[in-house]
Amino acid sequence: MTSLDPLLDKDGVRLTVEDAVATVTLTNPAKRNAQSPALWRALTEAGRAVPGTVRVVVLRGEGKSFSAGLDRQAFAPEGFDGEPSFLDMARGPESGLDAIIAEYQEAFTWWRRNDIVSIAAVQGHAIGAGFQLALACDLRIAADDVQFAMRETSLGLVPDLTGTHPLVHLVGYARALEICATGRFVAAPEAERTGLANLVVPADQLDAATQDLAAALLAAPRDAVTETKALLRGAISHTYEEQRAAERAAQGRRLRDLAGLTD
């Protein structure tokens with residue numbers, strides 16, 4: 001499937017598809033792709049709109065920055081047009097606040113589905129919600145001007161958009177705590193050294209490097225990649241013996257499929 005026209009283009013999010021690659025683009029460079037509840041709903045909608053033929057999803061941001069994080073208007077008394085302000089939400093019942101945050105988190109969860117591999121192409125600032133959106137993807141390619149930062153703690157908040165789990169697993173508890181508690185910037189060399197970025201390239205080569213990685217991911221059979229991704233995700237919580245059993249089961253499925261013994 002090739003689509004020259006966007007499948008979705010609203011609230012700062014555009015989804016396009018070319019063959020087996022979907023591209024989700026943040027399209028508000030004038031505000032450094034600052035995020036809002038409307039953008040999160042659009043990201044969730046984009047995930048639902050990705051066709052089943054897609055194997056790789058690329059996430060990118062227009063302009064100099066990937067995403068500078070949450071739009072500060074969220075903290076203004078008036079909030080966003082047609083949206084409750086964060087202060088108003090805080091005054092409501094806890095159950096209601098929990099449900100609202102859970103809805104926001106949906107924009108950050110679908111990127112790790114087993115049937116796709118997601119790549120964040122990150123340049124410039126990836127701060128707070130922007131950092132967490134990059135962390136939501138399976139893989140990250142960073143430009144050499146990248147600046148990651150988790151600034152929520154400095155605002156009296158905590159990271160709540162699914163970023164804490166991948167951050168700890170990528171860099172370890174101690175470094176994750178230090179990054180979050182200090183809110184400091186993580187530049188490209190440290191990001192690559194610690195595993196936050198799979199690859200760092202000059203800014204003018206970011207798109208080409210992302211395309212190369214997408215092509216490499218498409219070279220292997222889809223079912224084998226899907227099974228391998230599921231295995232590796234499970235390894236985080238499995239014991240050694242549980243992982244051995246999962247490997248046997250997955251390989252059995254692959255061998256039966258290759259032998260034509262599956263439906």
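In the predicted model, Trp110 is a buried residue, its relative accessible area being 8%.

Four aromatic pairs are found when the whole structure is searched. Another of them joins Trp40 and Phe108, whose ring centres are 6.3 Å apart and whose planes stand at 65°, so this pair is edge-to-face. Trp40 belongs to helix 1 (residues 37-49) and Phe108 to helix 3 (residues 94-109); the pair therefore ties together parts that are 68 residues apart in sequence. Both partners count as buried because their relative accessibilities, 3% for Trp40 and 2% for Phe108, are under 20%. Ring pairs also bring in Tyr104, which is linked with Trp40 and Phe108 into a cluster.

With neighbours within four places in sequence left aside, Trp40 is in contact with Gln35, Leu70, Phe86, Tyr104, Ala107, Phe108, Ala129 and Leu161. The largest nonpolar core comprises 52 residues, and the members that touch the most others are Trp40, Leu43 and Trp111. Helix 4 (residues 129-136) makes the greatest contribution to this core, giving six residues. A further core of 14 residues lies apart from it, with Val58, Val117, Ala143 and Leu217 among its members.

Helix 4 is itself mostly covered, eight of its eight residues being buried. These buried residues are Ala129, Gly130, Phe131, Gln132, Leu133, Ala134, Leu135 and Ala136. Ala129 is also one of the contacts of Trp40, and Ala136 is among the residues touched by Ser118.

Ser118 is located in strand 5 (residues 117-122) and is buried, with a relative accessible area of 0%. A polar atom of the Ser118 side chain lies 2.7 Å from the backbone oxygen of Trp111. When residues up to four places away in sequence are not counted, Ser118 touches Val57, Trp111, Ala136, Cys137, Asp138 and Leu139.

Notes:
Residues are numbered from 1 along each chain as its sequence is written. This is a predicted model: local features need pLDDT of at least 70, side-chain atom pairs count only at pLDDT 80 or more; totals for chains, interfaces and linings use all residues. Side-chain values use heavy atoms; hydrogens and water are left out. Rings of Phe, Tyr and Trp (its six-membered ring) pair if their centres lie within 6.5 Å; planes under 30 degrees apart count as stacked, over 60 as edge-to-face and the rest as tilted. Helices (H or I, at least four residues) and strands (E, at least two) are DSSP runs, numbered from the N terminus. Buried means under 20% relative accessible area, exposed over 50%, partly exposed in between (1.4 Å probe, protein chains only). A nonpolar core is a set of buried Ala, Val, Leu, Ile, Met, Phe, Trp, Tyr and Cys residues joined through side-chain atoms within 4.5 Å. Contact means heavy atoms within 4.5 Å. A polar contact is a pair of N or O atoms within 3.5 Å; within protein, one must be able to donate a hydrogen and the other to accept it, and residues adjacent in sequence count only if both atoms are side-chain atoms.
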